[in-house]
Structures are given as structure tokens and as C-alpha cells.
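Please open the model in your viewer and keep the selection panel at hand. The tour below goes from one selection to the next and says what is there.

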Amino acid sequence: MSLLSRMLPTPGRSVMLLVIWLMLNVTVSLGHIILGSVFAIAIPLLCAPLQISQPRIKKPLKALKYFFMVLGDVVVANVQVAILVLGPISRIKPGFVAVPLDLTEIKPITMLASTVTMTPGTVTAELSKDKRYLYVHVLQMPDDEQEVIRLIKDRYESAIKEMFQC
Amino acid sequence: MNFWLELTVSALLMIGGIFVLVGSIGLFRLKDAYTRLHAPTKATTVGLGGILLSSVIYMSYLQGYVNVHALLITLFLVITAPVTAHILAKVAMHHKVKTMKSTQNEGLVDKAREQKAVDEEASSKNKGK
């Protein structure tokens, strides 16, 4: 067991590498499976010393649900941004907000920041050094800026918290 | 080629094309670096997604097996797009790039640059300690 775990420090990532290799070559021939397996074992071994322990996703089903929720939001966001962009520019009221974070680990925060950047008219600009605030640029600021903060916290942050169970 | 398949592929191509066009128009029309970031990052996700999806459907039909190259492009795009947008916004913030006149809460730029606490009172209390 110890030998196996030493050979494959990150089994999930190895499988992902193999699958992507086969997808890139659009084949399932034996030669490519062997070559892909060599890469899938060698690359994680080389990268293992660089690894920082991160919290794992404990509820994969929640993660899948989150993925589809974000996908739907991205489509809605695109339409909203398209309408804003094609309308009169003077109607656009951009602004910054600082979103207080409950998450503490880097990986969940990265996920939240990426989601915020992908979705309706918001781009993350900076994370404060103490990881307590996420600075977000909003394309169309509602009259009450708390609305944006509430949206990010209730819709995305709570879902990520459930996913990582922290 | 099946009529419905053709219709789906062309509809996806149209939607994708329109969104990419809107993204470019946004890049041209918006006034400052931050707002300009919004148009391409958003419009290209659905725009390119639509084009790639139509490519997957069309090529799979032609070749007789599922073509996955386009799916991989989507995967890499989704991983890299938010990171680049974030880095661009961060650089803009730290270089104090000019913002649109109607921008609200501009004070937060300085606070983010100097890593001050968002609520000033809290930071002065911390200094007192």
C-alpha cells in the first residue's frame, strides 16, 4: 500500500492526465494507453514535492450541482452583459465592492474568485493579504451595494462551504 | 445531412458568433480598463462555447465518432479565462488605472493597494493594540 501511494501520490490527477492524453490523441490504442500511463505516473511523481496540502472536495455531488448552477448563471450573465454593452454607455454604473470572506483556505477562495469572475458583470480584482476581503469590480452597480455582496455570499460562498465542509 | 442536425449546428454557430461580436463591440465601446474586461471575458465563454459545441456536433457527424478536441479547448478556456481576467484587473488596480466617472467606491482601490482594512475604525483599533 505504501509503495502504491508513493508511486501514485495523487491518483485522481493521474487518471485525469491519462484521460486527457487519450482525448488529445483521440485514440484508445494500446500504445497510447501505455505512453499515457507513463506520463500519468511520472508527472505527478515529479510534481509531488511542489504540492501544498489543500482541503479536498468532500461532496462531489454538491460540486456537480454547483457546476451546473454556475453554467446556468454564466449564460444569464452573458445576456445581461450583452444588453448592457449594446445599450447607452452612460447608463452603466461600475463600482468596487469589498466582499468579506468566511472561507479561509486558498483553494476554496480560488474557486469563489474564479466563479465570481465568470458570472454576471463581476470581476475579482484583489484578495486582501489577510484573506478577509475579496475586492470585486462590478459592471452594473445596483443602488444598494449590499445586494452584490449578499448575492456572492449566499449563492456561491455558501455552496462552496458545503462542498468543502469547512 | 439531417435537417434538424443542420439547424442545431447553424443555430449554435449564430449564437456563438453574435456573442463574440458583442464582446468585441464591448471592448470598443466601454470607457475604462475594468469595464472593458467584462465584455470579452463574459461574451467569449458563451460565444466560444457555442462555436465549439457546434464543431463537436458537426465533426462527430462527419467522422462517425465523438470528436473531443473541441471539448478540451473548452476545458482549458474555462480554466484560464478567469485567471487572466483576475490578473488583468489586479494589475490595473495596482497601477491606478483611470476609472469611469460614474465609478462608485473608488476609495477601495487605495485600500486594496495598501492592504488597509476595509472598515477604517477596525484598522485604527488594531494599530492601538
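**The sheet**

Begin by selecting the three strands of chain A, which form an open, antiparallel sheet in the order E1-E3-E2; strands here are DSSP runs of E with at least two residues, helices are DSSP runs of H or I with at least four, and both are numbered from the N terminus. Strand E1 (95-100) and strand E2 (122-127) of chain A are the edge strands, each pairing on one side only, where two strands count as paired if DSSP finds at least two bridges between them. Neighbouring strands of this sheet are turned by 30° against each other on average, direction ignored.

This is a predicted model, in which local features need pLDDT of at least 70 and side-chain atom pairs count only at pLDDT 80 or more, while totals for chains, interfaces and linings use all residues. Residues are numbered from 1 along each chain as its sequence is written, and chains are lettered from A and ligands numbered from 1 in the order in which they are written.

Next, select E2(A) together with strand E3 (residues 133-138) of chain A, which run antiparallel and are joined by five bridges. Within this pair, look for Thr122(A), which stands opposite Val138(A) in E3(A).

Axes are lines fitted to C-alpha atoms, for helices over the stretch in contact, and angles run from 0 to 180 degrees between N-to-C directions.

With both helices shown, how far apart are the axes of H5(A) and H6(A)? They lie 10 Å apart, and the two helices pack at an angle of about 145°. To see the residues that meet, select Pro108(A), Met111(A), Leu112(A), Thr115(A) and Val116(A) in H5(A), and Ile152(A), Tyr156(A), Glu157(A), Ile160(A) and Phe164(A) in H6(A); two residues are in contact if their C-beta atoms, placed from the backbone, lie within 7 Å.

**The whole chain**

Finally, show all of chain A, which has six helices and three strands, running α-α-α-α-β-α-β-β-α from the N terminus on. Along its principal axes, the C-alpha trace of chain A spans about 60 × 35 × 25 Å.
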